[in-house]
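Let's take a walk through this model together. Have the sequence and the 3D view open side by side, and we'll begin with a pair of charged side chains.

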Amino acid sequence: MDKFTHLDEHGNAIMVDVSNKNITNREAIAIGYIKVNSEIIKQIKDGNNKKGDVLAASRIAGIMATKKNYELIPLCHPLLITKATIDFEIKEDKNEIHSKCTVVCDGKTGVEMEALMGVSVSLLTIYDMCKAIDKTMTINDIMLYKKSGGASGVFINESAKE
């Protein structure tokens, strides 16, 4: 049986030692979407949600979340993120708002968790700002879309639709 990387020989939780890993440029892109009603789409497009600019607040929240990932996910390394972006696409015909988070760093460990955290929090913020209009919104299909850097090289999630 393979050894668990986050446990020592006595079963105690540990942070993985990345001391001997090479510093490489690492990028991860995560995606997901929130299903909303047509009134939310209209308010976002018209810019008249009573809580303010929904996508601007959600973008900032998602970017901030990428920087806080190590505080929320046990045993993640704090990373010096050099780029974090959140992009939205409104799919009016489906009443969906799609979020894409891109995170980049030069480091010894990847930024997949940071990208997943960013897209998750951006969608949660949309929910928070719009819940007075529709409490039945659903957050869907959060996943790693692409990653590069490190020993494992490039990964593209073929089942994901960007």
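Start with K68 and E71, whose side chains meet in a salt bridge at 3.8 Å, N to O (a side-chain nitrogen of Lys or Arg within 4 Å of a carboxyl oxygen of Asp or Glu). The two sit 3 residues apart in helix α2, so about one helical turn separates them. K68 is partly exposed at 41% relative accessible area, and E71 is too, at 48% (buried is under 20%, exposed over 50%, partly exposed in between, with a 1.4 Å probe and protein chains only).

Before going on, a word on what you're looking at: this is a predicted model, where local features need pLDDT of at least 70 and side-chain atom pairs count only at pLDDT 80 or more, while totals for chains, interfaces and linings use all residues. Residues are numbered from 1 along each chain as its sequence is written, and side-chain values use heavy atoms, with hydrogens and water left out.

The whole structure has 5 salt bridges. One of them joins K45 and E92, with the closest N and O atoms 2.7 Å apart. This pair ties together distant parts of the chain, 47 residues apart: K45 belongs to helix α1 (residues 38–46), E92 to the loop between β2 and β3. Helices (H or I, at least four residues) and strands (E, at least two) are DSSP runs, numbered from the N terminus.

Now for the sheet. It is open, with 5 strands in the order β2-β3-β1-β4-β5 and antiparallel pairing (two strands pair if DSSP finds at least two bridges between them). β2 (81–91) and β5 (155–156) are at the edges with a single partner strand each, so one side of each has no neighbour in the sheet. Follow β4 (residues 138–148) and you'll find 8 bridges to β1 and 2 bridges to β5. In the β4–β5 hairpin, with 6 residues between the strands, G149 takes a positive phi near 100°.

What lies across the sheet? Helix α3 (residues 112–130) lies across β1 (24–35), β2, β3 and β4, at about 25° to β1. Those angles run from 0 to 180 degrees between N-to-C directions, using axes fitted to C-alpha atoms, for helices over the stretch in contact (heavy atoms within 4.5 Å).
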